Amino acid sequence: MAFLRSICAQRTNLVYSCSVSGSSSLCAGKRQFGSYKPTAGVAASSSSSNWSNNELKYSTVFNQRQRVFPQTLFASTTNSINDHRQYLQQQRGVHTNASKSQTVTATQTISDEQKSSVYSKSQLRRTPPTPNVPENPQRDPLDVGFNDPVAAFKSKTTWELVRAYLVYMICSSEKLVEHNMKLMKFAKTVLGGTLFDLLMKSSFYGHFVAGEDRHKIVPTLERLRSFGVKPILDYSVEEDLSQEEAEKREVESSVSSAGDVKEDGAMPQYHVDKSFADRRYKVNSARTYFYLNEATCERNMETFIKCLEAVSGATFGTGITAIKLTALGRPQLLLQLSEVIMRTRKYMEDMVGGQGNVLTHHKTIKDLEKYYASLGDNKNVKDFLKNVTSDKEGILHLFPWSGIVDEDSQLSDTFRVPDPKTGQMRRLISQIPPKEEEMFRNMIRRLNTIVKTAAELDVRIMIDAEQTYFQPAISRITLEMMRKYNKDKAIVFNTYQCYLREAFREVNTDLEQAKRQDFYFGAKLVRGAYMEQERARAQALGYPDPVNPSYEATTEMYHKTLTECLRRIKILKDNGEDAKKIGIMVASHNEDTVRYAIEKMKEIGISPEDKVICFGQLLGMCDYITFPLGQAGYSAYKYIPYGPVQEVLPYLSRRAQENKGVLKKIQKEKRLLLAEIRRRLMRGQLFYKPKGNYVPI
């Protein structure tokens, strides 16, 4: 016990320093704004099915209020950033459309005189300060076998190694993992809140979570940076809902007030089914949001913005924030938009044959004119063809998708196509009531606000993948955000799940759109998080299984997709174009996939310094992959969860479940941990203090 107490003592005594030009007290951008603790579940007087004008007004007004922040606690180098953030906060407006909704609120404005006095034009584009870079930053050779315990754990104290080993031992017990949530709740009841928090911080929470808030995580971010690793920040608080409550919320928020209308050609997968309404079913690795009301979505937006601020201050433009679109609006709207997209593909297939996106057919406006020739001089057809987006290589889109993210547009009016027999316009989406149209506008406004803030703070956004019945809408909105914001560099990244049969085709099509519309393309490649749920739902509702038949097929899909991305990057390099037009994150805990990516990079002449390929793993998992990569000069990221101890228990429960499912990886990590602990014991390094001299790529 004395030994363990002595090791624990070193953990609390560790002091991490940071050095920033002009101020040593900057501490990686640790700004002190007013205390704010968002909650995933906000009490509401009305249910989600009663969309009162008061709720909608609250939603739109919420984002207008002027936020007054206390003075910052750091040096002057970040004061201007705080001024910048305050200015941005004041400038945030709300979506209004008096002709389409009674929910209209005036946008806050600041006069030109005030703008010039508060913020000069040169400050408006200011990026966060850059850190002092060591004169001779360290670089280590990479062991592609990932068998070097020193390289894997030189960023850890001995106590942290012991804790990690104990956590992995517990994760190896199926019974403990199976009942982990019940055990944690029982421990909380017996120990009380304070002792329970201490227990969790010295075990699961301390291993998998960076800290309680965006200020307390700064030492972790600093230490990661000093060892060549960058963060992807995620506020991991979740509601601990019962299955009944989750199902109730999902059903209510996935059906229009006009009812679940299934018109001719309706696709069952894009309609809610109570049996699968609890989207947490058989999902371990993905956080789930359940819609409550518009006010909760506003709070989620605020949380994402605070993540951006934390990342910006602590990572000097190299950090990323992960967001989910289902946190920002009603799932019904994503379901309807997804169905429109798939019905559009079906319409195009019936028209010209073949499968896939409209863009892949390379049909021209003249081809469409010939197709509609039998209808004669039809005004509907002429008006429709005026809005078709095309270039010299053919049609890109049948609808003006840019209207979704750029300006007001009625969804019900936008998604209309001529009937090839009668020439009459027919809707591909059910009629959406005005209040729901306004909800969609609010969702897009929230996303626009987040991405604008990211662009101003020089932080990147990764929009997470979700279930296949949401994904067509999520990908379409994300691509339009890329087209709008990724003009000079990749700010917005989409996520592609390679366990899906269509993954390669989707990535290839989106790469082609980025090329033809000249914007920077960013993608995170993952294996996927919803496989069992997707298969069960497809079987129950009678539509084709969207998932690859085996793990090997998924690996093949992942490598095939990654190879195509690398091939296109090489073409850009060979043509003297900006290779950063394509940026890819290999987000995988599979060391074979990481090795494959490294070998392919070498094979086609892509170096880490090109900054087009990066690697990512979760905090507390596969350190033996992440840290050697970062220390060898590769662009490496850790996915960093944070949040109050007792509010991240659902997240911790998933981490335990996920580790149970990857026992082979755990065995290797345990072996390397034990080897490093023994090495330190033999060399008398019990009180080893991590001190890195690396600079992230």
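Student: Which residues make the nonpolar surface patch of about 570 Å²?

Tutor: This is a predicted model. Two helices, α9 (180-191) and α10 (193-201), each supply at least two residues of the patch. The patch is made by Phe-186, Val-190, Leu-191, Leu-195, Leu-198 and Leu-199.

Student: Is Leu-198 buried or exposed?

Tutor: Leu-198 is found in helix α10. Exposed means over 50% relative accessible area. Leu-198 has 51% relative accessibility, so it counts as exposed.

Student: How far apart are the end C-alpha atoms of helix α15?

Tutor: Helix α15 covers residues 331-352, which is 22 residues. At 1.5 Å a residue, the helix should span 32 Å. The model agrees: the end C-alpha atoms are apart by 32 Å.

Student: How many of the 22 residues of α15 are buried?

Tutor: Buried means under 20% relative accessible area. Helix α15 is largely enclosed by the rest of the structure, because the number of its residues that are buried is 17 of the 22.

Student: Which residue just after α15 takes a positive phi?

Tutor: Look just after α15. The phi there is about 80 degrees, and the residue is Gly-353.

Student: What pLDDT does the protein chain average?

Tutor: pLDDT is the predictor's confidence in each residue, from 0 to 100. In this chain, 76% of the residues score at least 70. The chain average is 79.

Student: How many contacts does the stretch over residues 57-81 have beyond near neighbours in sequence?

Tutor: Over residues 57-81 the pLDDT is below 50. pLDDT also stays under 50 over residues 91-127, for which the model has 69 contacts beyond four places in sequence. For residues 57-81, the number in the model is 71.

Technical notes. Residues are numbered from 1 along each chain as its sequence is written. This is a predicted model: local features need pLDDT of at least 70, side-chain atom pairs count only at pLDDT 80 or more; totals for chains, interfaces and linings use all residues. Side-chain values use heavy atoms; hydrogens and water are left out. Helices (H or I, at least four residues) and strands (E, at least two) are DSSP runs, numbered from the N terminus. The expected span of a helix is 1.5 Å times one less than its number of residues. Buried means under 20% relative accessible area, exposed over 50%, partly exposed in between (1.4 Å probe, protein chains only). Patches are made of residues with over 30% relative accessible area and no salt bridge: like charges are joined within 9 Å, nonpolar side chains (Val, Leu, Ile, Met, Phe, Trp, Tyr) within 5 Å. Accessible areas come from the Shrake-Rupley method with a 1.4 Å probe; for residues, only the protein chains shown count as cover. A salt bridge is a side-chain nitrogen of Lys or Arg within 4 Å of a carboxyl oxygen of Asp or Glu. Contact means heavy atoms within 4.5 Å.
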